[in-house]
Amino acid sequence: MSDRLLRTAITARDALSLARKATGPALDLAVRLWLAQAFWVSGIVKLHDWDQALYLARYEYPVSWLAPVPAAWIGAGIELLCPPLLVLGLATRLAALPMLALVLVAQFAYRPLDVHLVQAALLAWLMVTGAGPLSLDQRLAHGLPDSALPFAKPAASLLEAMTRRVGPVVQVALRLAAAGIAARSGSPVAAACATLLTLGLGSRLAALVLIWPMPAGTNLSWPLMLGLVATVGPGPLSLDHIVGRAIARRWPRLAGVTPSLPEDAPHVVVVGGGFGGLAAVRGLAHAPCRVTLIDRRNHHLFQPLLYQVATASLSPADIAMPIRSLLRDQTNARVLLGRVVGVDTDARTVRLEDGRAVPYAHLVLATGARHGYFGREEWEPLAPGLKKVEDATEIRRRLLLAFEEAENSDDRDLRRAFLTFVVVGGGPTGVELAGAIAELARHGLVGEFRAIEPADARVLLVQSAPRILPTFPEPLSAKAAASLESLGVTVLTGSAVEEVDQHGVTVSGTRIPSRTVFWAAGVVASPAARWLGVPADRAGRIPVGPDLSVPGLPQVFAVGDTALSHGWDGQPVPGLAPAAKQGGAHVAKIIFARLEGRPAPAPFRYRHAGSLATIGRKAAVADFGRVRLTGAAAWWLWGVAHILFLSGMRNRLGVAVEWFWAYLTLRQGTRLITGPADHAPDPPTAAAPPVPALERAS
């Protein structure tokens with residue numbers, strides 16, 4: 001097989017594998033939900049008309065060893081008690097067993113129907129293999145066997161053995177049941193697919209072809225069963241399995257078998273575990289190289305939701321994931337915890353703070369950015385920015401402590417200063433942070449204080465540009481400003497911050513007493529340019545070429561906020577998560593091609609999917625070029641998009657549940673004040689002179 005054909009086949013295999021991983025959990029949940037509703041409805045109907053239930057138990061499908069009354073009660077009990085367990089995925093095997101018995105009784109003692117046959121096959125599958133990832137059984141699977149519950153470990157071992165030994169037989173039963181139903185349709189295509197399913201040859205494709213049209217009497221259970229065959233495959237008792245083993249022996253990479261790497265394999269070092277760095281590492285999963293990811297923190301952070309940690313809507317664990325966990329299954333990747341302090345481009349080594357030197361053949365710098373204060377770095381202790389978990393917890397501490405200090409104070413002016421929150425910067429972070437603070441004050445803290453009314457808090461958003469969200473179209477900026485105003489946020493556009501101290505800020509000559517100031521006005525790239533000894537732009541970014549390599553250093557690449565790329569139709573690529581991910585994936589393709597001696601891909605081109613910003617619990621703005629959304633529709637889109645881009649199913653489910661609860665109850669659940677008890681850096685001994693408060697922007 002030629003290299004090009006092999007690479008095409010590997011790409012197709014990876015795409016199919018990704019599709020199966022994405023659809024498998026959802027399909028398993030759909031199977032459980034469908035079976036649960038079918039039985040639940042039957043149980044409800046029997047309870048509604050108990051005389052009819054007794055008639056069916058006595059005459060239509062009697063059980064020889066049970067009287068009609070207990071048989072009816074047992075049947076109705078199974079139909080009412082087992083479906084909720086199936087929906088939750090709790091004790092799934094135990095719930096599927098009596099449901100399977102009911103289906104078999106109906107099939108052989110009452111009326112044989114294809115729908116009964118399909119339901120029996122699906123229930124047998126659940127009974128043998130258990131529920132999928134979206135279930136409580138899977139959540140409990142790791143800790144339950146080693147728990148103090150009696151017989152937990154032997155039971156887990158027995159179930160595992162049953163899955164391993166009986167699972168292949170059930171997979172054959174699934175194929176044969178589908179083949180038998182399809183063969184009776186009389187269609188030549190269906191007959192051919194039935195033959196393939198019987199042999200287990202091309203089973204996935206045959207199952208997909210058979211999904212439509214739907215045979216009479218099978219309803220939705222038919223495509224669900226065929227989808228299960230297409231997702232889990234035909235099993236080891238099939239010709240597909242024999243062919244797959246032959247392919248694995250002849251072309252290991254095509255079969256997904258990664259050959260062991262020699263010790264002198266090329267070494268790719270990626271600095272930074274953000275979106276760009278992870279995309280680069282994952283893009284090299286099947287490359288003939290060793291990959292080392294270096295980060296000074298052990299977790300990958302979803303920064304777009306960091307402001308929700310800062311405003312007590314989410315906890316840090318909801319938006320962060322250990323890097324080692326994310327790369328657990330990538331055998332050619334290694335993670336190093338350490339702080340990079342320099343790069344020796346002559347020796348091709350990365351220097352760490354502890355003195356270690358990590359050699360590289362190719363280097364990817366994805367070190368991100370930090371907040372910048374336009375030369376006024378002394379403001380940083382007084383006005384913290386929002387770039388990492390520690391920033392978010394510090395902002396949350398100061399935010400919640402401000403309400404506590406206001407509650408404790410008897411001085412009216414001081415109380416007002418504590419209840420005045422200034423957010424500097426009108427970009428997406430500033431807009432979202434200001435809106436979240438306003439909602440916390442007006443909804444989340446209602447009824448929790450006695451001396452103050454949290455809803456009286458003043459939130460001011462200061463923006464030096466003529467409008468907020470300057471990268472959005474002007475109508476969307478105006479809509480966002482109006483939404484903020486409706487929340488009670490005072491928007492000060494065309495206003496520059498001139499001074500920040502312990503007692504407040506000075507904005508365009510006007511003094512604003514405030515003990516709580518947050519910074520969202522600018523970013524500065526990491527010192528990566530200084531490490532390399534190359535020039536940088538005003539924001540500290542490294543100008544890169546069309547392939548994202550550093551000029552003069554073809555083995556060194558920069559992506560994300562570290563790089564200044566003009567890969568957006570000649571315009572600078574924005575510092576957004578999708579841009580970093582696309583850049584990291586592109587660099588991985590270039591390195592992969594170099595390692596295999598292939599031509600390099602085309603120059604990097606950023607594909608902008610759109611911009612989103614949320615303002616409150618039902619307001620957001622979305623810009624997709626010709627399509628623009630505002631209000632509730634944009635808010636729902638924003639929420640779904642951010643949940644899908646989170647790392648890890650636990651985080652996605654956790655954030656969804658947390659949001660749903662907070663949305664219905666107007667209560668944030670993570671209002672914890674941690675760290676020092678003082679609100680901000682110690683003020684000078686001399687008291688600041690009283691200054692009139694700013695009532696509203698002119």
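This is a predicted model: local features need pLDDT of at least 70, side-chain atom pairs count only at pLDDT 80 or more; totals for chains, interfaces and linings use all residues.
Student: Where is Leu-140 found, and why does Leu-140 count as partly exposed?
Tutor: Leu-140 belongs to helix α6, which covers residues 136-140. The relative accessibility of Leu-140 is 39%, so this residue counts as partly exposed.

Student: Stepping back, how many helices and strands are in the protein chain?
Tutor: The protein chain has 23 helices and 25 strands. Its C-alpha atoms fill a box of roughly 95 × 70 × 55 Å along the principal axes. The chain has 698 residues, of which 46% count as buried.

Student: And in the largest nonpolar core, which residues touch the most other members?
Tutor: Those are Ile-319, Phe-403 and Val-489, in a core of 58 residues. There is also a second, separate core of 54 residues, with Val-269, Ala-280, Ala-558 and Ala-563 among its members. In soluble globular proteins, nonpolar side chains tend to be buried together.

Student: Now the aromatics. How many aromatic pairs does the structure hold?
Tutor: It holds nine aromatic pairs. In one of them, Trp-568 and Tyr-606, the ring centres are 5.5 Å apart and the planes stand at 85°, so the pair is edge-to-face.

Student: Which parts of the chain does that pair link?
Tutor: The two residues are 38 residues apart and come from distant parts of the chain. Trp-568 is in the loop between β22 (563-564) and α21 (577-596), while Tyr-606 is in the loop between α21 and β23 (611-614).

Student: Buried or exposed, what is Tyr-606?
Tutor: Tyr-606 is buried, with a relative accessible area of 4%.

Student: Which residues do ring pairs link into a cluster?
Tutor: Tyr-373, Phe-374, Trp-379 and Trp-519 form a cluster through ring pairs. As a separate ring contact, Arg-515 lies over the face of Phe-418, at 5.4 Å from the ring centre.

Student: Turning to charges, how many salt bridges does the structure hold?
Tutor: The structure holds 16 salt bridges. One of them joins Lys-46 and Glu-79, whose closest N and O atoms are 3.3 Å apart. Lys-46 lies in helix α1 (residues 3-48) and Glu-79 in helix α3 (residues 68-88), so this pair ties together parts that are 33 residues apart in sequence. Both Lys-46 and Glu-79 are buried.

Student: What salt bridge does Asp-569 form?
Tutor: Asp-569 pairs with Arg-605, with the closest N and O atoms 3.2 Å apart. Asp-569 lies in the loop between β22 and α21 and Arg-605 in the loop between α21 and β23, so the bridge ties together parts that are 36 residues apart in sequence. Asp-569 is exposed at 58% relative accessibility, and Arg-605 is exposed with a relative accessible area of 54%.

Student: Which residues do salt bridges that share partners join into one network?
Tutor: Arg-376, Glu-378 and Glu-499 are joined in that way.

Student: Lastly, what about Asp-354?
Tutor: Asp-354 forms a salt bridge with Arg-356, the closest N and O atoms lying 2.8 Å apart. Asp-354 counts as exposed at 52% relative accessibility, whereas Arg-356 is partly exposed at 34%.

Definitions and conventions. Residues are numbered from 1 along each chain as its sequence is written. Side-chain values use heavy atoms; hydrogens and water are left out. Helices (H or I, at least four residues) and strands (E, at least two) are DSSP runs, numbered from the N terminus. Buried means under 20% relative accessible area, exposed over 50%, partly exposed in between (1.4 Å probe, protein chains only). Rings of Phe, Tyr and Trp (its six-membered ring) pair if their centres lie within 6.5 Å; planes under 30 degrees apart count as stacked, over 60 as edge-to-face and the rest as tilted. A charge sits over a ring if NZ of Lys or CZ of Arg is within 6 Å of the ring centre and within 35 degrees of the ring normal. A nonpolar core is a set of buried Ala, Val, Leu, Ile, Met, Phe, Trp, Tyr and Cys residues joined through side-chain atoms within 4.5 Å. A salt bridge is a side-chain nitrogen of Lys or Arg within 4 Å of a carboxyl oxygen of Asp or Glu.
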